[in-house]
Amino acid sequence: MFAYLVKRVFQAIAVMLVISLIGFAIQGNLGDPLRELVGQSVSEEVRQELRDDLGLNDPFLVQYWRFLGNALQGDLGTSYFFKEPAVDVILKKLPATLELVFGATLIIVGLSVPLGVYTAIKPNSWISRAIMAISIIGISIPVFLTAILMIYLFSVELGWAPSFGRGETVHVIGYWDTNFLTVDGWAHIIMPSIALSSIMLPMFIRLIRAEMMEVLQSEYVRFAKAKGIAPWRIYFVHALKNTLLPVITVGGVQIGTMVAYTILTETVFSWPGMGSMFLEAVNRVDTPLIVAYLIVVGFIFVVTNTIVDLIYGLVNPTVKLARLGA
Amino acid sequence: MSFLKSCVAATALATAFAGTAHAEISVNVAYDADPVSLDPYEQLSGGTLQLNHMVFDPLVRWTQDLQFEGRLADSWEQIDDTTMRFNLREGVKFHSGNEMTAKDIEWTFDRIKQSPDFKGIFAPFTGIEVVDDYTVDLKTAEPYPLVLHTATYLFAMDSEFYTGETEDGADKAEVVKHGDSFASRNISGTGPFTVSEREQGVKVTFDRFDGYWDTESEGNVDEIVLTPIKEDPTRVAALLSGDVDFIAPVPPTDLKRLEDADGVNLITMPGTRIITLQMNQERVEAFKDPKVRMAVDYAVNNAGIVDRIMRGFGTVAAQASPVGYAGHVEGMEPRYDVAKAKELMAEAGYEDGFSITMMAPNNRYVNDDKIAQAVSSMLSQIGITVDLQTLPKAQYWPEFDARAADIMMIGWHSDTEDSANFHQFLTACPDEETGNGQYNSGNFCNEEADALMVKANNETDPEARAALLQELEQLLFDEAAFIPLHWQDLAWGAKDGMNADEIVNALNFPYFGDLVVSE
């Protein structure tokens with residue numbers, strides 16, 4: 001276990017290094033940050049002075065070396081737009097994004113299990129067919145389109161939910177303000193959460209359905225049926241347990257992916273999280289913030305993957321951690 | 001920060017004691033972006049000027065019909081060829097409680113000279129002289145016709161408030177372009193609103209300043225909450241659903257929707273930003289021939305572009321100067337005649353046409369990429385094959401600076417609202433020393449035209465100057481120096497009862513201080 005963790009930490013460091021190098025290498029191709037920093041009629045001479053100030057005229061390796069030196073001291077640079085350390089900016093935006101991911105996860109977990117199980121038990125009922133048809137649509141429509149359609153239907157036409165932003169939040173601790181303690185906060189988070197879940201939810205329904213159907217064919221389920229155990233007990237206690245093993249594994253990885261999907265959802269709903277922040281940073285060529293975001297998101301991926309591996313090992317003792325880590 | 005806090009506390013107290021006679025009027029505004037900084041002189045951009053007109057006051061400002069209106073300056077007079085005297089309003093208070101006097105104007109002027117973005121606009125000014133507490137003289141080296149134009153950029157900063165050192169030992173007055181500074185987070189002006197709360201990229205809250213000097217203004221808004229909503233459809237939906245009261249800009253695709261919607265008003269106005277194409281004479285031999293340039297101009301159907309691509313959301317242009325500018329030539333008609341264009345191509349010896357490259361941004365101007373596509377198919381009709389590349393603005397500008405294509409698109413708004421500025425940046429002979437022709441990717445160079453500009457910039461008689469600028473505009477037209485397309489219109493959306501049409505202007509900084517919301 002300990003050896004595994006040490007190995008993982010070294011891997012994580014290597015991954016971070018590679019991400020930072022890639023992030024740093026592409027920033028030259030994102031455009032000229034000076035364009036977004038100064039007015040159009042500002043002379044080239046003034047621009048050059050500013051470039052010198054920012055160290056943008058130094059050779060690539062010099063810049064990267066300086067970046068690494070600062071990064072070791074926990075400084076990933078200062079955002080041009082926010083004028084604050086990039087890490088602080090991201091940490092301030094992180095809670096909003098995590099709450100959104102959490103909201104979407106609640107919806108996915110709450111709906112995918114009953115729907116997945118139902119469609120597996122009654123694959124030919126018209127309700128199952130409808131669920132599968134809708135889930136196909138859900139998978140095929142891009143998140144931003146779902147989001148815009150929802151805004152027009154529920155905000156503009158019906159007036160049920162607010163169209164943008166986080167609404168009223170309650171301060172919890174540090175940078176964390178929560179949506180979940182006020183009615184207004186709930187009203188604001190529902191639509192973005194549904195939009196964000198619209199891709200993953202159908203996938204999980206299908207995954208659970210497929211796993212469940214396989215389990216239902218197995219000997220022990222038949223035996224349980226023959227024994228006369230109540231059907232709901234067979235489905236939800238015996239079969240579901242074995243269905244969920246692979247679902248948990250996939251789910252852990254997908255939470256990381258969902259953080260990436262927040263870029264679109266947050267932008268459409270003007271959700272003040274780090275997804276919309278990233279897209280704006282790209283538009284503004286706010287390179288320190290872009291590189292820092294890539295590193296932080298990379299870090300989140302590494303951590304969730306590690307946790308999933310650990311859980312997998314715990315749930316299924318036949319999996320050797322040492323082998324996984326290798 | 002402590003100032004902001006005390007401001008909030010003061011407002012809270014004031015409201016508590018005022019014994020509310022009428023309900024608070026709060027207006028929610030959604031723009032596509034929020035101001036980069038609270039520093040009025042950090043970045044020369046629309047967002048900064050919008051902020052400045054809410055929290056500060058300039059010496060003079062533009063009216064809706066592009067005339068000057070005194071704000072902090074009560075009156076002004078030319079006392080000799082190179083000196084303009086401004087008499088300042090008395091009894092004007094900053095948000096901090098300090099009184100505004102001539103020394104604040106002098107201090108602000110000196111600070112502008114330190115600002116990388118704004119010092120260019122003030123370059124013709126050699127100094128400022130304080131005559132007495134309420135009189136200042138602005139001095140130029142040469143006679144300069146744009147003194148008042150420039151004075152619209154002189155927003156009095158609270159010199160006492162911005163003087164001294166912060167806890168970290170930084171000078172409170174410094175202008176920092178990319179980093180933390182006192183002025184980027186703290187603000188004290190004389191304007192109708194104070195900033196009570198700000199979370200960058202999320203929202204800015206403005207509260208009415210109780211001690212505002214302009215008691216004649218009927219503005220009745222107590223609070224403005226500005227939220228940036230980047231996505232066009234979301235911004236429109238926010239207005240339609242009633243979550244916000246005022247939005248800008250309105251995308252062309254939603255103009256009709258807003259016009260038809262109940263309870264919402266669409267306000268449009270011809271803007272002053274010209275969209276143009278430049279033909280690079282250094283890269284393409286054919287473009288050196290005025291006949292070929294004119295053929296291109298004849299082939300491009302600007303009216304069609306405005307009609308179909310812009311959905312009428314633009315004003316067809318034949319010149320750079322919009323109506324209201326000194327150099328605007330009345331009755332100049334856009335050229336469009338494909339047969340004539342082919343004829344000109346043949347005359348120039350290019351009846352078989354040629355191939356060129358073209359670049360345009362795809363997220364800078366309204367429908368920029370679609371316009372570029374339309375132009376390239378129009379040019380194919382006269383035998384010019386276009387290899388078009390459209391790029392996001394962040395990548396486009398470095399290409400533009402490198403003059404990387406034969407035809408490039410550029411939109412321009414004159415910072416001084418003056419015609420000479422268009423020529424100086426877009427069509428003057430490129431000269432690194434003077435900075436002329438900084439955005440002249442066409443390398444058009446005509447000494448007569450440059451001479452007219454210089455002459456106009458030293459002519460202080462408005463009528464004589466207008467004549468020179470119109471002559472310049474005519475010359476550029478006759479030479480087909482560039483392809484003018486259209487002036488982008490401006491559009492705002494507002495809830496009924498906002499009366500926003502009274503406060504908007506072609507410069508796109510609404511005067512929220514004067515906003516009268518019907519109760």
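Me: Two residues are in contact if their C-beta atoms, placed from the backbone, lie within 7 Å. Among contacts in chain B between residues at least 6 apart in sequence, what percentage join residues at least 24 apart?

Reply: In chain B, 69% of such contacts join residues at least 24 apart. Please note that this is a predicted model, in which local features need pLDDT of at least 70 and side-chain atom pairs count only at pLDDT 80 or more, while totals for chains, interfaces and linings use all residues. Residues are numbered from 1 along each chain as its sequence is written, and chains are lettered from A, with ligands numbered from 1, in the order in which they are written.

Me: How many residues of chain A are in contact with chain B?

Reply: As a general idea, the size of an interface is often given as the accessible area lost when the parts come together. Here the residues in contact are counted: 38 of chain A and 34 of chain B. On the side of chain A that touches chain B, there are 21 nonpolar, 12 polar and 5 charged residues. Ala, Val, Leu, Ile, Met, Phe, Trp, Tyr, Cys and Pro count as nonpolar, Asp, Glu, Lys and Arg as charged, and the others, Gly among them, as polar.

Me: Which helix gives the most to the side of chain A that touches chain B?

Reply: Helices are DSSP runs (H or I, at least four residues) and strands likewise (E, at least two), numbered from the N terminus. In this case α7(A) gives the most, with 5 residues. Elements that give two or more residues include α7 (143-157) and α10 (231-269) of chain A.

Me: At what angle do α5(A) and α11(A) pack?

Reply: Axes are lines fitted to C-alpha atoms, for helices over the stretch in contact, and angles run from 0 to 180 degrees between N-to-C directions. Helix α5 (residues 86-121) of chain A and α11(A) pack at about 130°, with axes 8 Å apart. Angles under 35 degrees count as roughly parallel, over 145 as roughly antiparallel, 65 to 115 as roughly perpendicular and the rest as oblique; the two helices are therefore oblique to each other. Among the residues making the contact are A:I90 and A:K93 of α5(A) and A:M274 of α11(A).

Me: Which domains does the assignment give for chain B?

Reply: Domain bounds come from an automatic or database domain assignment. For chain B, the assignment gives domain 1 (34-189) and domain 2 (270-489). Their C-alpha centres lie 34 Å apart, and the contact takes 9 residues from domain 1 and 10 residues from domain 2.
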